[in-house]
Structure formats: structure tokens, C-alpha cells
Amino acid sequence: MDRRDFLKTLGRGAGALGAAWLLGPASRAFAQAGGTPTPGAYPDLVAVKGGSAASRVDAALAAAGGISRYVRKGALVVIKPNMGWDVRPELAANTDPAVVKRIVELCLAAGARKVVVFDHTCDSWRAAYANSGIERAARDAGAEAAPAHAESYYQAVANPAARTLGQAKVHELVLQADVFINVPVLKNHGGAGMTCAMKNLMGAVWDRGYFHSRGLDACIAEAALLRRPDLNIVDAGKVMLSGGPRGSAASRYSEQRLLMLSSDIVAVDVASARTLGPGPDAFEYIAKAAALGLGQPDLAKLAVRRIEL
């Protein structure tokens, strides 16, 4: 797709996708949305556009200081993609299997003793694991795919800083992990408006019904207090604009070929909200998470590295 066709695609997206801030040369990719990293310092947020899914992962991690900055030899690494839906990869309801596979490969190359992938699925877990393509991709790369469909896999965790989600049952792997990597797919969501880094953590807890009954935005924000991811890697290669979270033949999409990376879960959701549109102010949980001290919502105060492949 050339630039002209890409712009036309955006124009057909929800509110023109709100992603014009990501177009143009890499030097303008986050124009008016972030500072330039100090030479020799690591950026707070990396955005990579173009190339293949694997090459975007490679470029983002290299810019962030390399996988060894996060994964030490002998570490147990737990990766939480979105693989909650029993649909084919091309529907982009789940994280791209190629993104997950490359992250697993890099973690093992860095010396991780074990890498485990899991999700508390919405559809049948065996079908979702298989048909998302993620289970096979993760195993081919050397990881394990662990179940998360039974309450016995979860442990109660107190959440004293929360007002709404004072306690939750969290998957034991998240609590055991030396390194916890959150790998959501960016997409439209009929309830929350957007699925991205914070929303993806709902797949690490047991009682998701509580979130919906007690206040979705507050619970999404407060769930990030339970176990903060060490790294968030957002797959925005193909972005679902409508019909989320599961998607359908009628869903609309934009081929963004984009990946974003940050240890700041608020910042990466702000960047993702700008990509999806209409911006972070439309998603109440982002402001709530910032108020809890979970991250920086003002990208102008962060060092942002832009890369175009």
C-alpha cells in the first residue's frame, strides 16, 4: 500500500482513525507528541512503522536497549498476549502470532530459563489457543502455552491502593514471573472503547464479571496495580476499527504496520488511543490510571524514539 492509499484507508476508518500523527517520515512520526531521547539514554516509548511483524519487534527492542535490559539469564518470563478469541489471525482479534513468536525467541536467546504464554480466554481456551495461531507459534519458538481456564490457577491478591478493585484473583504465573511482558493487540472494543495494554490485563485475572458490574474503567485502571508489566509491546499491525473485541466479517480494519513499546503502561495506552482515535480523553481508565501513579499521560514529557522501516 502506498502513502496515498494508506491515507485513503485511514479516511474510511473510525474518525479517520486519529492516526495522522503517526504518518510521514520517522522524524515526524510523533510530531508534537514527545521529546527526543538524550544521546546515550533509553527512550520512554518506541514506535516502529513498516517492515514485518518480527522486524518491528527487533527494531523496537534494539532501540529500547535490547531484550537483555529486561530479561536476565535464568529468568522465568511470562508473556500475556491477547489470544482470547477462537478466530483466525487475519481477523486481528488476537495478537499477531509472529509478534509473540519473535518475543519468545529473543527472550530465550537472552538466557531465559523458561518462557510461558497464557491468556484467560473468552471463547473455549483450547480452540482460542489453537485457532489464534499463538499456541503453535509460541511452542515453535520454544515457549510453553499454559492453561488459564480454571479458578485453581489463580491466587487472591490484595490491592490496597484501589478504591473499587480491592482484591482480585491473579493467575499464578504472573505472580511467579521474574519478567512479565504484556503483548496486547490494539483494537476497538464495544464496552471499553479500546483494547490495549491495560485492558489486556483483564486476561490475567479470574473474575472479569466483577469489572463489568462494579465499574469497568475503574477496574481496568486498578488492575494494573496488581502486578505491573515490566514491558508492554503493542501489536498495531492490523487494527480492528469496528466490531471489537471479537470481530466479524463486517468489521473494518486499517493496515497500520505499527508496533509500540514502553514500560509505561499509561504512556503506551495514550499513544495507542491517539492511533485508534478519538484520543486518550475518550477512555476514562487512562486518566484514572495516571491519577494512581501508574504512568505519564503527557507524551510531551517523555523521550520518544520513532523508527520507520
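Me: In this predicted model, which residues of α2 meet which residues of α3?
Reply: Ala-53, Ala-54, Val-57, Asp-58 and Leu-61 in α2 meet Ala-98, Val-99, Arg-102, Ile-103 and Leu-106 in α3. By class, that contact has eight nonpolar, two charged and no polar residues.

Me: What makes Lys-80 and Asp-119 a salt bridge?
Reply: Their side chains meet at 2.9 Å, N to O. The cut-off is 4 Å, so the pair qualifies. Lys-80 lies in strand β2 and Asp-119 in the loop between β3 and α4, so the pair ties together parts that are 39 residues apart in sequence. Both residues are buried.

Me: Why does Arg-246 count as partly exposed?
Reply: Its relative accessibility is 33%. Buried means under 20% and exposed means over 50%, so Arg-246 falls in between. Arg-246 also forms a salt bridge with Asp-123, with the closest N and O atoms 3.0 Å apart. This pair ties together parts that are 123 residues apart in sequence.

Me: Why is helix α9 described as largely enclosed by the rest of the structure?
Reply: Seven of its eight residues are buried, so the description holds. Among them are Leu-216, Cys-219 and Glu-222. What covers the buried residues includes α7, α8 and α11.

Methods:
Residues numbered from 1 in each chain as written. Predicted model: local features only at pLDDT ≥ 70, side-chain atom pairs only at ≥ 80, totals over all residues. Heavy atoms only, no water. Contact = heavy atoms within 4.5 Å. Helix = DSSP H or I, 4+ residues; strand = E, 2+ residues; numbered from the N terminus. Nonpolar A, V, L, I, M, F, W, Y, C, P; charged D, E, K, R; others polar. Buried < 20%, exposed > 50% of the residue type's maximum accessible area, 1.4 Å probe, protein only.
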